[in-house]
Amino acid sequence: MKKLIFIIVVGIVTSCASKVDNPNNSEDIKNQIAEYKKQVIELNKEINGLEKDLLSYSDESTQGIPVSIKELAFEEFNHYIEVNGVVEAINAAYISPEINGQVKEIYVKEGQYVKKGQLMIKINSSITESTIKEVETSLELAVVVFEKQKQLWEKNIGSELDYLQAKNNMESLESRLETLQAQIDMAMIKAPINGIVDEVFVKDGELAIPGMQMIQLINLSDLYINADVSEAYITKVKKGEMVVLEFPSYPDIIMNIPVHRIGNVVKSANRTFKVQLKIKNENDQIKPNVLARIKINDYSTENALLVSSLIVKQDLKGSYVFVANEGNAAKKAYIETGMSYMNLTMVTSGLSVGDRVIVNGYNQVSGGSKLEIVN
């Protein structure tokens with residue numbers, strides 16, 4: 001472009017010089033001068049236009065790579081150990097009978113709320129009831145005989161053996177009656193806690209035997225969260241310390257809960273120890289056996305230099321990021337990194353407050369690249 005301008009100017013000057021060398025008269029010279037001035041004006045217009053075009057080409061060739069930067073400042077940084085836990089109902093009962101017998105009547109249904117002591121199932125106890133009537137009749141006679149023998153003994157009439165036999169017979173029948181009454185009570189399956197009947201496993205007329213589950217009763221108001229934590233963190237977790245509790249199935253529920261209990265034994269099978277939380281379950285929303293996520297804070301600082309973990313690169317010399325210098329050129333800065341959490345990495349050395357770290361466009365730059373800061 002510069003060569004073209006030079007050739008045009010030289011051509012015009014040469015042409016003008018050749019024409020001025022052979023003038024016919026003064027009038028011709030004046031006319032040529034006027035013509036040349038007109039040509040110069042037109043030529044200056046062309047030159048100005050070409051210079052503007054040249055400047056635009058020059059700007060395009062020197063335009064920097066568009067990037068976004070982050071000016072470093074001290075920030076708060078919290079690192080957490082994340083472990084999975086399982087929800088357990090504190091008050092739950094798998095109810096089975098204490099005696100053999102046929103299920104006579106079921107008084108509850110699944111989903112029903114029951115109170116502690118409420119009758120839920122009755123086992124057939126007709127034989128026991130008949131036996132109780134017989135024992136009660138025998139006991140009435142035994143009491144009369146004992147009272148008579150006692151009166152005679154107090155008057156020194158009759159033998160001591162008769163008195164002791166009457167007393168023993170009465171007490172024996174009383175003990176037997178108490179046993180039968182206990183068997184009757186065992187035939188009445190009552191709720192041991194307040195809760196909801198989650199499932200009934202038997203039907204009317206079926207045979208119930210000790211150890212066989214009849215009803216699952218559960219109270220959801222209080223829950224345990226149990227988690228197995230690696231023994232590597234045994235010094236990081238203490239009773240009473242606050243942890244963050246989340247539930248993948250309930251993304252809106254986030255709680256800050258103190259550690260309720262820490263196990264005293266490391267399991268040899270997986271080298272973990274037990275951490276237990278205790279929570280109130282509002283509206284019975286959280287269900288047993290739901291997975292929970294526990295975040296245990298093991299490091300915190302308010303003076304951390306943080307960068308996105310994605311922008312930290314590696315080469316033979318170590319970890320580095322790109323920063324923008326005062327001239328808006330890219331510079332490779334080697335760094336030492338500390339802990340990382342949630343896509344943030346703490347820089348322990350290599351960067352300072354005020355450094356401008358390239359956070360977008362870092363894959364397009366290299367050392368010395370001219371930059372265009374877009375943020």
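Does N283 count as buried, partly exposed or exposed, and at what relative accessibility? In this predicted model, local features require pLDDT of at least 70 and side-chain atom pairs count only at pLDDT 80 or more, whereas totals for chains, interfaces and linings use all residues. Residues are numbered from 1 along each chain as its sequence is written, and side-chain values use heavy atoms, with hydrogens and water left out.

N283 has a relative accessibility of 75% and therefore counts as exposed (over 50% relative accessible area, with buried under 20% and partly exposed in between; 1.4 Å probe, protein chains only). The residue lies in the loop between β12 and β13, where strands (E, at least two residues) and helices (H or I, at least four) are DSSP runs numbered from the N terminus. Although N283 is not a glycine, its phi is positive, at about 60 degrees. A positive phi, near 55 degrees, is also found at R271, in the loop between β11 and β12; R271 counts as partly exposed because its relative accessibility is 40%. Most residues other than glycine have a negative phi. The C-alpha atom of N283 is separated by 8.7 Å from that of L220, 63 residues apart along the chain.

The largest nonpolar core comprises 29 residues, a nonpolar core being a set of buried Ala, Val, Leu, Ile, Met, Phe, Trp, Tyr and Cys residues joined through side-chain atoms within 4.5 Å. Strands β2 (75–95), β9 (215–230), β10 (242–247), β11 (250–262), β12 (272–280) and β13 (291–308) each give two or more residues to this core. I286 is among the residues with the most contacts inside the core. Beyond four places in sequence, the contacts of I286 (heavy atoms within 4.5 Å) include V87, L220, F247 and I279. A second, separate core of 22 residues includes I311, A333, V347 and I358.

V67, in strand β1 (residues 65–71), counts as buried because its relative accessibility is 1%. Residues up to four places away aside, V67 touches I358, N360 and V374, among others. V67 and Q364 are 297 residues apart in sequence, yet their C-alpha atoms are 8.8 Å apart.

The axes of helices α3 (residues 126–154) and α4 (residues 160–187) come within 8 Å and cross at roughly 155 degrees. These axes are lines fitted to C-alpha atoms over the stretch in contact, with angles from 0 to 180 degrees between N-to-C directions. The two helices, α3 and α4, are therefore roughly antiparallel (over 145 degrees).

Technical notes:
Parallel < 35°, antiparallel > 145°, perpendicular 65-115°, else oblique.
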